[in-house]
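The exercises below each set a task and then work through a solution step by step. Please look over the sequence and the structure before starting.

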Amino acid sequence: MNPITFSLFAVLPLFFQATPPKPAPDTYTLGPGDQIVIRVPEIEEIDNKTVPIDLKGNINLPSVGRIQASGLNTEQLEAAIADRLKKYLVKPDVSVYLTEMRSQPVSVLGQVQTPGVHQLQGQKNLFEVLSLAGGLRPEAGNVIEITRRLEWGPIPLPNAANDSTGQFSVGSVEVRSVMNASNPAENILIKPNDVISVPKADTIYVLGAVKKPGAYVLGEHRTLATLEILALAEGTEKTAAPQKARIMRVIPGSNDRAEIPVNLSTILSGKIPDVPLTADDILFVPVSRVKVAGYRTLEALAEAGTTAIYRIP
């Protein structure tokens with residue numbers, strides 16, 4: 001008995017058949033875990049069946065046997081199946097559609113909008129994968145780190161190096177060069193199982209009698225001058241004592257901070273050089289008790305409706 005049963009539906013017009021899934025991009029390489037639909041209208045046992053690609057990268061089809069699918073795109077797999085079917089059919093009509101992609105995960109971690117595991121779905125560069133993750137968050141640092149299994153070869157970046165285990169290649173790129181396209185060579189193609197990490201940016205903190213206290217991201221800068229960070233904080237309050245400001249800086253190898261006096265008034269007047277602030281520094285601007293007392297007196301007088309009037313002789 002012929003092992004193949006011919007379907008009567010093969011002679012029906014195409015518009016009676018269900019609309020097939022959307023074809024996968026030609027650039028997508030099939031792999032273990034992917035699911036495909038194979039259409040061979042002349043063979044009922046195969047036509048329109050969902051077939052998983054096993055962990056070894058193979059599919060198993062009735063009357064055709066085991067075929068290596070991993071490493072092929074859908075067109076190449078169509079050709080491989082058609083070649084096997086030529087002993088049964090003069091001109092096999094084979095179509096392969098990808099219905100579920102599970103074989104090309106890439107992990108995007110850190111300061112992106114939607115961190116997690118994303119599927120490459122074909123060839124994608126670093127910028128495109130970051131877009132899949134929703135883009136960078138405002139807190140993102142200036143460096144993007146990429147880790148790749150060496151089975152895919154070393155990362156094509158000048159600073160790439162193998163890790164201590166000899167199993168991974170590790171490299172990094174500047175955020176600015178990727179986002180501004182200033183160095184297109186750094187917008188590398190991402191491979192399956194790559195790990196892209198976007199660390200949190202270094203920050204400087206401004207506290208006390210300033211108009212906009214808070215944390216400020218260094219971004220591409222390694223340091224900021226006190227006047228620059230003061231401008232970002234929109235200046236000091238009217239009750240501030242800028243001459244008594246101080247920088248609190250972490251002592252290396254310790255959780256303690258050293259206090260560095262800084263006279264902002266003298267710096268503003270240009271009498272002494274500005275002081276650079278580095279990552280994790282805290283610029284603290286205290287309140288002047290004298291100014292507070294003076295303003296409270298004026299407020300009290302205004303509320304009481306008493307204002308001293310002086311006649312000019």
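## Exercise 1: a salt bridge and its burial

The side chains of D194 and R148 come together in a salt bridge, at 2.7 Å from N to O; here a salt bridge is a side-chain nitrogen of Lys or Arg within 4 Å of a carboxyl oxygen of Asp or Glu. This is a predicted model, in which local features need pLDDT of at least 70 and side-chain atom pairs count only at pLDDT 80 or more, while totals for chains, interfaces and linings use all residues. Residues are numbered from 1 along each chain as its sequence is written, and side-chain values use heavy atoms, with hydrogens and water left out.

Task: State where in the chain D194 and R148 lie, and decide whether they are buried or exposed.

Solution. Begin with the positions: D194 is in the loop between β12 (189-190) and β13, whereas R148 is in strand β9, and the pair, 46 residues apart, links distant parts of the chain. (Helices, H or I of at least four residues, and strands, E of at least two, are DSSP runs numbered from the N terminus.) Then turn to accessibility: D194 and R148 are both buried, where buried means under 20% relative accessible area, exposed over 50% and partly exposed in between, with a 1.4 Å probe and protein chains only.

## Exercise 2: a second salt bridge

Task: Find which residue forms a salt bridge with R66, and classify the accessibility of R66.

Solution. The partner is D54, with the closest N and O atoms 3.3 Å apart. R66 belongs to strand β4 (residues 65-68), and D54 to the loop between β2 (49-52) and β3, 12 residues away. Because its relative accessibility is 47%, R66 counts as partly exposed, and D54, at 27%, is partly exposed as well.

## Exercise 3: strands β9 and β13

Task: Determine in which sense β9 and β13 pair, and which residue of β13 stands opposite I146.

Solution. Strand β9 pairs with β13 (residues 195-198) in the antiparallel sense over three bridges, pairing being counted if DSSP finds at least two bridges between two strands. Opposite I146 stands I196. Both strands belong to an open sheet of six strands with mixed pairing, in the order β7-β6-β13-β9-β11-β10, whose edge strands are β7 (116-119) and β10 (161-162).

## Exercise 4: a polar contact

Task: Locate N142 and name the residue whose side chain its own side chain contacts.

Solution. N142 sits in the loop between α2 (126-132) and β9 (143-149), and N142 is buried because its relative accessible area is 12%. Its side chain makes a polar contact with that of E174 at 2.3 Å; a polar contact is a pair of N or O atoms within 3.5 Å, where within protein one must be able to donate a hydrogen and the other to accept it, and residues adjacent in sequence count only if both atoms are side-chain atoms.
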